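Keep the view open as you read and turn to each spot in order.

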Amino acid sequence: MFVCQDRTYSQIAEAWMHYLGNDSISITSSGLSAGQISQYFINVMDEVGVSVDKSSTKMLYDYNPENFDAVISLCDRSMRLPDDWMLRKIFDEWIIPRIEESSLESYREVRDDIRNRVDLLLMRYTV
């Protein structure tokens, strides 16, 4: 489970995991509040051949934490999740830089940062 405040970074991470991972890993994303992925993110993900324009996530509270082995929290600051989520077998918190709304390069940097973290996650936990 990838989770972020407004469902944006988690959607990017989910898209990278689907793109880079294999079908043996079940992946989903969620948010603590409603949000919509920015057209800028859609564009910068399209630049690297990864589609997020049709992806949608639910609220974290729509899921049961016991159905997940791993939870990755993504935010531009530390984000407190309910204990049931933080006590999963694998829990990690990724502090992702805040987007500079007027800078397409900022979106690219966040895209690449999340990709690098997903790469490391896959190296650590897959065979």
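Which backbone oxygen does the side chain of Ser10 reach? The notes below start there; please keep in mind that this is a predicted model.

1. **Ser10.** The side chain of Ser10 reaches the backbone oxygen of Ser30, at 3.0 Å. Ser10 belongs to helix 1, and with a relative accessible area of 0% this residue is buried. The cut-off for that word is under 20%, so Ser10 qualifies. Leaving out residues up to four places away in sequence, Ser10 touches Phe2, Val3, Cys4, Ser29, Ser30 and Leu74.

2. **The largest nonpolar core.** Next, have a look at the residues gathered inside. The largest nonpolar core has 27 residues, and the members that touch the most others are Phe2, Tyr9, Phe41, Leu74, Ile114 and Val118. Two or more residues each come from strand 1 (2-4), helix 1 (8-20), helix 2 (39-47), strand 4 (70-75) and helix 4 (104-125). Another core, of ten residues, lies apart from this one and includes Met1, Val3, Val71 and Leu81. As background, nonpolar side chains tend to be buried together in soluble globular proteins.

3. **Tyr9.** Beyond its neighbours within four places in sequence, Tyr9 is in contact with Cys4, Phe41, Leu74, Cys75, Asp76, Ile96, Pro97, Arg98, Ile99, Val110 and Ile114.

4. **Helix 1 against helix 4.** These two helices pack at an angle of about 50 degrees, and their axes are 9 Å apart. Helix 1 and helix 4 are therefore oblique to each other, and their crossing is right-handed. From helix 1, Tyr9, Ile12, Ala13, Trp16, Met17 and Leu20 take part; they meet Val110, Arg111, Ile114, Arg115, Val118, Asp119, Leu121 and Leu122 of helix 4.

5. **Arg115.** Not counting residues up to four places away in sequence, Arg115 touches Trp16 and Leu20. Although Arg115 and Ala15 are 100 residues apart along the chain, their C-alpha atoms are separated by 9.3 Å.

6. **Helix 2 against helix 4.** Here the packing angle is about 60 degrees, with the axes of helix 2 and helix 4 9 Å apart. This pair is therefore oblique, and the crossing of helix 2 and helix 4 is right-handed. On the helix 2 side, the contact is made by Tyr40, Phe41, Val44, Met45 and Glu47; on the helix 4 side, by Leu104, Tyr107, Arg108, Val110 and Arg111.

7. **Helix 2 from start to end.** Where this helix starts, a side-chain oxygen of Ser38 reaches to within 3.0 Å of the backbone nitrogen of Tyr40. Further along, Phe41, Ile42, Val44 and Met45 are buried. What do the buried residues of helix 2 pack against? They pack against helix 1 and helix 4. After helix 2 comes Gly49, which has a positive phi, near 80 degrees.

How values were computed:
Residues numbered from 1 in each chain as written. Predicted model: local features only at pLDDT ≥ 70, side-chain atom pairs only at ≥ 80, totals over all residues. Heavy atoms only, no water. Core = buried A, V, L, I, M, F, W, Y, C linked by side-chain atoms within 4.5 Å. Buried < 20%, exposed > 50% of the residue type's maximum accessible area, 1.4 Å probe, protein only. Helix = DSSP H or I, 4+ residues; strand = E, 2+ residues; numbered from the N terminus. Contact = heavy atoms within 4.5 Å. Polar contact = N/O pair within 3.5 Å; in protein donor to acceptor, adjacent residues only side chain to side chain. Axes fitted to C-alpha atoms, helices over the stretch in contact; angles between N-to-C directions. Parallel < 35°, antiparallel > 145°, perpendicular 65-115°, else oblique. Left-handed = near helix turned anticlockwise from the far one by under 90°.
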